Amino acid sequence: MPLKNLTDVSASAKEFVQDHKIAIACTVTTACGLIALKRYMAGGVCRSKALMNGKTVLITGANTGIGKETAKDLASRGARVLLACRDITKAERAAEDIRKSTGNKDVVVYVLDLCSLKSVRQCADDVIKKEARLDVLINNAGVMWTPYWKTKDGFEMQFGTNHLGHFLFTNLLLDLLKKSAPSRIINVSSLAHERGTINFDDLNSEKSYSPAKAYSQSKLANVLFTRELSKRLQGTEVTTYSLHPGAVDTELVRFKDLQILPLRIFLNVIYHGLVKHFIKSAVQGAQTTIYCAVSPDLDNASGKYFRDGCYCQFSPPRCNQN
(Lines give C-alpha, C1' and ligand atoms only; values in the text may rest on other atoms or scores of the structure.)
Protein backbone atom coordinates (compact mmCIF):
# COMPACT_ATOMS: atom_id res chain seq x y z
CA MET A 1 0.00 0.00 0.00
CA PRO A 2 1.44 3.45 -0.89
CA LEU A 3 2.74 5.54 1.97
CA LYS A 4 0.16 8.28 1.27
CA ASN A 5 -2.69 5.75 1.69
CA LEU A 6 -1.20 4.45 4.94
CA THR A 7 -1.00 8.01 6.25
CA ASP A 8 -4.63 8.61 5.29
CA VAL A 9 -5.72 5.41 7.06
CA SER A 10 -3.76 6.36 10.20
CA ALA A 11 -5.27 9.82 10.20
CA SER A 12 -8.77 8.39 9.76
CA ALA A 13 -8.19 5.94 12.63
CA LYS A 14 -6.99 8.71 14.94
CA GLU A 15 -9.98 10.84 14.00
CA PHE A 16 -12.36 7.92 14.66
CA VAL A 17 -10.81 7.31 18.07
CA GLN A 18 -11.04 11.00 18.96
CA ASP A 19 -14.69 11.16 17.91
CA HIS A 20 -15.70 7.96 19.74
CA LYS A 21 -13.48 7.97 22.83
CA ILE A 22 -16.33 7.35 25.27
CA ALA A 23 -17.89 4.58 23.21
CA ILE A 24 -14.55 2.83 22.75
CA ALA A 25 -13.73 3.15 26.45
CA CYS A 26 -17.13 1.73 27.39
CA THR A 27 -16.73 -1.15 24.92
CA VAL A 28 -13.25 -2.07 26.17
CA THR A 29 -14.32 -1.78 29.82
CA THR A 30 -17.39 -3.93 29.21
CA ALA A 31 -15.35 -6.57 27.36
CA CYS A 32 -12.77 -6.70 30.15
CA GLY A 33 -15.56 -6.92 32.73
CA LEU A 34 -17.26 -9.80 30.91
CA ILE A 35 -13.97 -11.68 30.57
CA ALA A 36 -13.28 -11.15 34.28
CA LEU A 37 -16.82 -12.28 35.14
CA LYS A 38 -16.45 -15.45 33.07
CA ARG A 39 -13.14 -16.28 34.75
CA TYR A 40 -14.61 -15.57 38.20
CA MET A 41 -17.66 -17.74 37.52
CA ALA A 42 -15.40 -20.60 36.39
CA GLY A 43 -14.25 -20.99 40.00
CA GLY A 44 -11.31 -22.98 41.29
CA VAL A 45 -9.74 -26.18 40.05
CA CYS A 46 -8.96 -29.29 42.10
CA ARG A 47 -5.18 -29.58 41.79
CA SER A 48 -4.80 -32.70 43.92
CA LYS A 49 -2.93 -35.52 42.18
CA ALA A 50 -4.26 -38.13 44.62
CA LEU A 51 -4.95 -41.53 43.09
CA MET A 52 -7.97 -43.70 43.89
CA ASN A 53 -6.58 -47.15 43.08
CA GLY A 54 -8.35 -49.86 45.04
CA LYS A 55 -11.20 -47.53 46.04
CA THR A 56 -14.86 -47.76 45.07
CA VAL A 57 -16.91 -44.62 44.43
CA LEU A 58 -20.68 -44.48 43.93
CA ILE A 59 -22.18 -41.40 42.25
CA THR A 60 -25.90 -40.81 41.87
CA GLY A 61 -27.09 -39.10 38.69
CA ALA A 62 -23.78 -39.76 36.96
CA ASN A 63 -25.01 -40.18 33.40
CA THR A 64 -24.73 -36.46 32.59
CA GLY A 65 -23.48 -33.08 33.79
CA ILE A 66 -21.48 -32.71 37.00
CA GLY A 67 -22.00 -36.34 37.97
CA LYS A 68 -20.58 -37.68 34.74
CA GLU A 69 -17.55 -35.36 34.85
CA THR A 70 -16.92 -36.35 38.47
CA ALA A 71 -17.12 -40.02 37.49
CA LYS A 72 -14.74 -39.46 34.60
CA ASP A 73 -12.17 -37.73 36.80
CA LEU A 74 -12.29 -40.35 39.55
CA ALA A 75 -12.13 -43.18 37.00
CA SER A 76 -9.00 -41.55 35.56
CA ARG A 77 -7.50 -41.73 39.07
CA GLY A 78 -8.01 -45.50 39.14
CA ALA A 79 -11.23 -45.81 41.14
CA ARG A 80 -13.91 -48.40 40.58
CA VAL A 81 -16.84 -46.14 39.70
CA LEU A 82 -20.50 -47.03 40.20
CA LEU A 83 -23.03 -44.95 38.27
CA ALA A 84 -26.40 -45.03 40.04
CA CYS A 85 -28.94 -43.63 37.58
CA ARG A 86 -32.64 -43.73 36.71
CA ASP A 87 -32.22 -43.95 32.93
CA ILE A 88 -30.32 -47.19 32.30
CA THR A 89 -29.80 -46.47 28.59
CA LYS A 90 -28.18 -43.08 29.22
CA ALA A 91 -26.18 -44.54 32.10
CA GLU A 92 -24.75 -47.36 29.97
CA ARG A 93 -23.87 -44.85 27.27
CA ALA A 94 -22.12 -42.63 29.83
CA ALA A 95 -20.28 -45.62 31.32
CA GLU A 96 -18.96 -46.63 27.92
CA ASP A 97 -17.82 -43.07 27.23
CA ILE A 98 -16.00 -42.96 30.58
CA ARG A 99 -14.32 -46.32 29.91
CA LYS A 100 -13.08 -45.16 26.52
CA SER A 101 -11.90 -41.72 27.64
CA THR A 102 -10.08 -42.90 30.79
CA GLY A 103 -8.99 -46.42 29.85
CA ASN A 104 -10.57 -47.63 33.09
CA LYS A 105 -12.86 -50.58 32.40
CA ASP A 106 -14.06 -50.76 36.01
CA VAL A 107 -17.16 -48.61 35.55
CA VAL A 108 -20.46 -50.21 36.57
CA VAL A 109 -24.10 -49.14 36.26
CA TYR A 110 -26.81 -49.55 38.91
CA VAL A 111 -30.47 -48.61 38.51
CA LEU A 112 -31.60 -45.94 40.99
CA ASP A 113 -34.79 -43.87 40.85
CA LEU A 114 -34.64 -41.48 43.79
CA CYS A 115 -38.31 -40.57 43.54
CA SER A 116 -39.18 -44.19 44.42
CA LEU A 117 -38.18 -45.45 47.86
CA LYS A 118 -38.68 -48.98 46.59
CA SER A 119 -36.05 -48.35 43.92
CA VAL A 120 -33.75 -46.76 46.50
CA ARG A 121 -33.98 -49.85 48.71
CA GLN A 122 -33.47 -52.18 45.76
CA CYS A 123 -30.39 -50.32 44.55
CA ALA A 124 -28.85 -50.22 48.01
CA ASP A 125 -29.52 -53.94 48.40
CA ASP A 126 -27.85 -54.66 45.04
CA VAL A 127 -24.79 -52.59 45.97
CA ILE A 128 -24.42 -54.30 49.34
CA LYS A 129 -24.67 -57.75 47.75
CA LYS A 130 -22.27 -57.09 44.86
CA GLU A 131 -19.70 -54.62 46.22
CA ALA A 132 -17.03 -55.60 48.73
CA ARG A 133 -16.44 -51.99 49.76
CA LEU A 134 -17.62 -48.41 49.31
CA ASP A 135 -15.06 -45.68 49.95
CA VAL A 136 -16.89 -42.62 48.65
CA LEU A 137 -20.63 -42.01 48.27
CA ILE A 138 -21.48 -38.91 46.23
CA ASN A 139 -25.13 -37.90 46.41
CA ASN A 140 -25.16 -35.81 43.25
CA ALA A 141 -28.51 -36.40 41.51
CA GLY A 142 -31.27 -33.84 41.78
CA VAL A 143 -34.12 -31.91 40.22
CA MET A 144 -34.69 -28.16 40.20
CA TRP A 145 -37.67 -25.83 39.92
CA THR A 146 -40.13 -28.49 38.79
CA PRO A 147 -43.88 -27.98 38.55
CA TYR A 148 -45.81 -29.32 41.53
CA TRP A 149 -45.20 -33.01 41.15
CA LYS A 150 -45.09 -35.78 43.74
CA THR A 151 -42.81 -38.77 44.04
CA LYS A 152 -44.17 -42.30 43.81
CA ASP A 153 -44.43 -42.26 47.61
CA GLY A 154 -46.38 -39.00 47.75
CA PHE A 155 -43.65 -36.53 48.66
CA GLU A 156 -43.14 -33.19 46.92
CA MET A 157 -40.78 -33.99 44.05
CA GLN A 158 -37.82 -31.75 44.90
CA PHE A 159 -37.80 -32.53 48.63
CA GLY A 160 -38.42 -36.21 47.95
CA THR A 161 -35.75 -36.60 45.28
CA ASN A 162 -33.06 -34.19 46.43
CA HIS A 163 -33.24 -35.03 50.13
CA LEU A 164 -35.41 -37.95 51.18
CA GLY A 165 -34.21 -40.35 48.50
CA HIS A 166 -30.56 -39.63 49.28
CA PHE A 167 -31.26 -39.68 53.04
CA LEU A 168 -32.59 -43.24 52.81
CA PHE A 169 -29.94 -44.37 50.33
CA THR A 170 -27.13 -43.08 52.55
CA ASN A 171 -28.49 -44.71 55.68
CA LEU A 172 -28.92 -48.05 53.93
CA LEU A 173 -25.27 -47.94 52.81
CA LEU A 174 -23.81 -46.79 56.13
CA ASP A 175 -22.69 -50.23 57.28
CA LEU A 176 -20.76 -50.77 54.04
CA LEU A 177 -19.21 -47.31 54.35
CA LYS A 178 -18.19 -48.04 57.96
CA LYS A 179 -16.75 -51.37 56.92
CA SER A 180 -14.65 -49.57 54.27
CA ALA A 181 -13.50 -46.72 56.56
CA PRO A 182 -11.90 -44.30 56.21
CA SER A 183 -14.69 -43.35 53.82
CA ARG A 184 -16.59 -40.25 52.76
CA ILE A 185 -20.15 -39.10 52.08
CA ILE A 186 -20.51 -36.06 49.84
CA ASN A 187 -23.83 -34.27 49.40
CA VAL A 188 -24.09 -31.89 46.45
CA SER A 189 -26.18 -29.01 47.75
CA SER A 190 -26.44 -25.44 46.45
CA LEU A 191 -25.95 -21.82 47.44
CA ALA A 192 -29.74 -21.72 47.29
CA HIS A 193 -29.75 -23.37 50.73
CA GLU A 194 -29.07 -19.91 52.18
CA ARG A 195 -32.55 -18.86 51.07
CA GLY A 196 -34.07 -22.09 52.30
CA THR A 197 -36.56 -22.58 55.12
CA ILE A 198 -37.50 -25.93 56.61
CA ASN A 199 -41.27 -25.64 56.76
CA PHE A 200 -42.25 -28.41 59.15
CA ASP A 201 -45.90 -27.39 58.89
CA ASP A 202 -45.91 -28.01 55.14
CA LEU A 203 -42.89 -30.10 54.10
CA ASN A 204 -44.74 -31.31 51.00
CA SER A 205 -45.75 -27.78 49.96
CA GLU A 206 -49.40 -28.83 49.84
CA LYS A 207 -50.71 -25.54 51.25
CA SER A 208 -48.72 -23.39 48.82
CA TYR A 209 -46.02 -24.17 46.29
CA SER A 210 -43.10 -22.18 44.96
CA PRO A 211 -40.61 -24.12 42.79
CA ALA A 212 -37.72 -21.93 43.99
CA LYS A 213 -38.66 -22.19 47.69
CA ALA A 214 -39.13 -25.96 47.47
CA TYR A 215 -35.72 -26.30 45.82
CA SER A 216 -34.05 -24.14 48.48
CA GLN A 217 -35.70 -26.18 51.23
CA SER A 218 -34.38 -29.42 49.73
CA LYS A 219 -30.85 -28.01 49.44
CA LEU A 220 -30.93 -26.73 53.02
CA ALA A 221 -31.99 -30.23 54.08
CA ASN A 222 -28.88 -31.61 52.32
CA VAL A 223 -26.61 -29.32 54.36
CA LEU A 224 -28.38 -30.04 57.66
CA PHE A 225 -28.23 -33.78 56.98
CA THR A 226 -24.49 -33.50 56.35
CA ARG A 227 -23.90 -31.66 59.62
CA GLU A 228 -26.01 -33.98 61.76
CA LEU A 229 -24.60 -37.13 60.15
CA SER A 230 -21.05 -35.97 60.85
CA LYS A 231 -21.93 -35.78 64.55
CA ARG A 232 -23.50 -39.22 64.61
CA LEU A 233 -20.55 -40.77 62.77
CA GLN A 234 -17.83 -39.45 65.05
CA GLY A 235 -15.32 -42.18 65.82
CA THR A 236 -16.26 -44.28 62.78
CA GLU A 237 -13.80 -42.67 60.31
CA VAL A 238 -16.71 -41.95 57.99
CA THR A 239 -16.69 -38.23 57.21
CA THR A 240 -19.33 -36.07 55.52
CA TYR A 241 -19.20 -32.95 53.34
CA SER A 242 -21.74 -30.78 51.53
CA LEU A 243 -20.96 -28.34 48.75
CA HIS A 244 -22.11 -25.73 46.28
CA PRO A 245 -20.88 -26.60 42.77
CA GLY A 246 -21.57 -23.14 41.38
CA ALA A 247 -23.90 -22.01 38.62
CA VAL A 248 -23.41 -24.76 36.04
CA ASP A 249 -24.68 -25.36 32.51
CA THR A 250 -26.31 -28.77 32.95
CA GLU A 251 -29.67 -30.46 32.39
CA LEU A 252 -30.74 -29.65 35.96
CA VAL A 253 -32.72 -26.58 34.90
CA ARG A 254 -35.65 -28.00 32.95
CA PHE A 255 -37.46 -25.05 31.34
CA LYS A 256 -39.34 -27.55 29.18
CA ASP A 257 -41.26 -28.57 32.31
CA LEU A 258 -42.63 -25.07 32.88
CA GLN A 259 -46.34 -25.03 32.14
CA ILE A 260 -46.57 -21.35 31.09
CA LEU A 261 -45.46 -21.25 27.44
CA PRO A 262 -44.47 -17.52 27.21
CA LEU A 263 -42.38 -17.84 30.37
CA ARG A 264 -40.73 -21.00 29.03
CA ILE A 265 -39.81 -19.27 25.77
CA PHE A 266 -38.53 -16.15 27.57
CA LEU A 267 -36.33 -18.10 29.98
CA ASN A 268 -34.91 -20.25 27.20
CA VAL A 269 -33.94 -17.16 25.19
CA ILE A 270 -32.31 -15.50 28.20
CA TYR A 271 -30.52 -18.68 29.29
CA HIS A 272 -29.19 -19.83 25.92
CA GLY A 273 -28.56 -16.35 24.57
CA LEU A 274 -26.77 -14.89 27.60
CA VAL A 275 -26.57 -16.76 30.89
CA LYS A 276 -24.97 -20.03 29.72
CA HIS A 277 -21.99 -18.13 28.31
CA PHE A 278 -21.02 -16.88 31.78
CA ILE A 279 -21.61 -19.89 33.99
CA LYS A 280 -19.52 -22.98 34.63
CA SER A 281 -19.19 -25.92 32.31
CA ALA A 282 -19.90 -29.36 33.78
CA VAL A 283 -16.13 -29.96 34.11
CA GLN A 284 -15.72 -26.74 36.08
CA GLY A 285 -18.79 -27.48 38.17
CA ALA A 286 -17.41 -30.87 39.19
CA GLN A 287 -14.23 -29.49 40.74
CA THR A 288 -15.46 -29.00 44.31
CA THR A 289 -17.04 -32.46 44.36
CA ILE A 290 -13.75 -33.95 43.15
CA TYR A 291 -11.86 -31.95 45.77
CA CYS A 292 -14.07 -33.30 48.56
CA ALA A 293 -13.63 -36.83 47.22
CA VAL A 294 -9.83 -36.90 46.86
CA SER A 295 -8.23 -34.21 49.03
CA PRO A 296 -6.17 -35.76 51.85
CA ASP A 297 -6.62 -32.67 54.02
CA LEU A 298 -10.29 -32.98 54.97
CA ASP A 299 -10.29 -35.50 57.81
CA ASN A 300 -10.92 -32.70 60.33
CA ALA A 301 -13.52 -30.94 58.17
CA SER A 302 -16.37 -33.42 58.52
CA GLY A 303 -19.78 -31.78 58.37
CA LYS A 304 -18.46 -28.69 56.63
CA TYR A 305 -19.90 -26.92 53.60
CA PHE A 306 -17.59 -26.20 50.66
CA ARG A 307 -17.58 -23.84 47.70
CA ASP A 308 -14.81 -23.64 45.07
CA GLY A 309 -12.70 -26.05 47.10
CA CYS A 310 -12.86 -23.89 50.23
CA TYR A 311 -14.70 -24.27 53.51
CA CYS A 312 -17.49 -21.70 53.75
CA GLN A 313 -19.31 -20.44 56.83
CA PHE A 314 -22.78 -21.94 57.13
CA SER A 315 -25.65 -19.69 58.19
CA PRO A 316 -28.06 -21.01 60.84
CA PRO A 317 -31.18 -22.47 59.20
CA ARG A 318 -34.62 -20.91 59.37
CA CYS A 319 -37.45 -23.19 60.37
CA ASN A 320 -41.21 -22.62 60.23
CA GLN A 321 -42.86 -24.56 62.98
CA ASN A 322 -45.82 -23.69 65.17
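Start by selecting helix H6, residues 157–172: 12 of its 16 residues are buried, so this helix is mostly covered (buried means under 20% relative accessible area, with a 1.4 Å probe and protein chains only; helices are DSSP runs of H or I with at least four residues, strands runs of E with at least two, numbered from the N terminus). You are looking at a predicted model, where local features need pLDDT of at least 70, side-chain atom pairs count only at pLDDT 80 or more, and totals for chains, interfaces and linings use all residues. Residues are numbered from 1 along each chain as its sequence is written, and side-chain values use heavy atoms, leaving out hydrogens and water.

Next, color the buried residues of H6, among them Phe159, His163, Leu168 and Phe169. Now show what they pack against: strands S1 (56–60), S4 (136–139) and S5 (183–188), together with helices H5 (117–130), H7 (174–179) and H8 (211–232) (contact means heavy atoms within 4.5 Å).

Move on to Glu156, which caps the N-terminal end of H6 with a side-chain oxygen 2.9 Å from the backbone nitrogen of Gln158.

Cys85 is buried at a relative accessible area of 2%, and Cys123 is buried at 1%.

Zoom out to see the chain: it has 11 helices and 10 strands, and buried residues make up 44% of its 322 residues.

Conventions. Buried < 20%, exposed > 50% of the residue type's maximum accessible area, 1.4 Å probe, protein only. Expected span 1.5 Å × (residues − 1). Polar contact = N/O pair within 3.5 Å; in protein donor to acceptor, adjacent residues only side chain to side chain.
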